[in-house]
Every structure is written in C-alpha cells, then in structure tokens.
Amino acid sequence: ITARGQEYVDAMFEHMDKKQNPENGLWHAKSDYYGVNGFMKISAACSALEIPLKYPEAAVRSAINAITTE
C-alpha cells in the first residue's frame, strides 16, 4: 500500500472506530442481519489490511445471536 493509500485507510478506520458500538461490536445499533452483514465485510477488510478488530468477542456474540434467533 502506498503512503497516500495508507492515509486513506487510516482516515477510514479512524472514522469507523468512532461509529463502532462497543456493546455489540458492530457498526449497527442492533445485533441483526444488517449489523452482522456489515461486520463480516468490515472484518474481511481488517483482515486483508492486518488491522486488529475492536470488540471482537462482542461482535462474535452478536453474530451468534443474530443467526440463532428470528
């Protein structure tokens, strides 16, 4: 990644850190399909960019809750 590209990545994740819900680990107020869908996409980007996820345990609990309930 170029220096300029890294600036964009840093700015994007700085913004996203402010939006992440520490209660459920998602970027959505509720632990539902939409929140988990977003988590899956964002976590894939984090993995590719080697950026650690914040609140991973809460996010996994939310994902399990979302797929085991209606």
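Student: What percentage of the 70 residues in the protein do buried residues make up?

Tutor: Buried residues make up 30% of the 70 residues. Buried means under 20% relative accessible area, exposed means over 50%, and partly exposed lies in between, with a 1.4 Å probe and protein chains only. This is a predicted model, in which local features need pLDDT of at least 70 and side-chain atom pairs count only at pLDDT 80 or more, while totals for chains, interfaces and linings use all residues. Residues are numbered from 1 along each chain as its sequence is written, and side-chain values use heavy atoms, with hydrogens and water left out.

Student: What makes up the pattern of the protein along the sequence?

Tutor: The pattern is α-α-α, with three helices and zero strands. Helices (H or I, at least four residues) and strands (E, at least two) are DSSP runs, numbered from the N terminus. The C-alpha atoms fill a box of roughly 45 × 20 × 20 Å along the principal axes.

Student: Why is the pair of R4 and E7 called a salt bridge?

Tutor: A salt bridge is a side-chain nitrogen of Lys or Arg within 4 Å of a carboxyl oxygen of Asp or Glu. The closest N and O atoms of R4 and E7 are 3.1 Å apart, so the pair meets the 4 Å limit. The structure holds one salt bridge.

Student: What separates R4 and E7 along helix α1?

Tutor: R4 and E7 are three residues apart in helix α1 (residues 3-19), so about one helical turn separates them.

Student: Why is E7 called partly exposed?

Tutor: The relative accessible area of E7 is 47%, which falls between the 20% and 50% limits, so E7 is partly exposed. H15, in helix α1, has 45% and is therefore partly exposed by the same rule.

Student: How do you know that Q20 is buried?

Tutor: The relative accessible area of Q20 is 6%. That value is under 20%, so Q20 is buried. Q20 is placed in the loop between α1 and α2 (33-49).

Student: Which residues are in contact with Q20, leaving aside its neighbours within four places in sequence?

Tutor: They are G25, L26, W27, K54 and Y55. Contact means heavy atoms within 4.5 Å. The Q20 side chain also reaches the backbone oxygen of G25 at 2.9 Å.

Student: How do you know that the span of helix α3 agrees with its number of residues?

Tutor: The expected span is 1.5 Å times one less than the number of residues. For the 13 residues of α3 (residues 56-68) this should be 18 Å, and the end C-alpha atoms are 18 Å apart, so the two agree.

Student: Which residues of α3 are buried, and what puts them on the same side?

Tutor: The buried residues of α3 are A58, A59, S62, A63 and A66. They cover an arc of only 140 degrees around the axis, which puts them on the same side of α3. The arc is that of the directions from the helix axis to the C-beta atoms. What covers these residues includes α2. The face turned away carries the exposed residues E57, R61, I67 and T68.

Student: Why is the aromatic pair of Y33 and Y34 called edge-to-face?

Tutor: Rings of Phe, Tyr and Trp (its six-membered ring) pair if their centres lie within 6.5 Å; planes under 30 degrees apart count as stacked, over 60 as edge-to-face and the rest as tilted. Y33 and Y34 are 5.4 Å apart centre to centre, with 80 degrees between the planes, so the pair is edge-to-face. Both Y33 and Y34 are exposed.

Note on methods. Polar contact = N/O pair within 3.5 Å; in protein donor to acceptor, adjacent residues only side chain to side chain.
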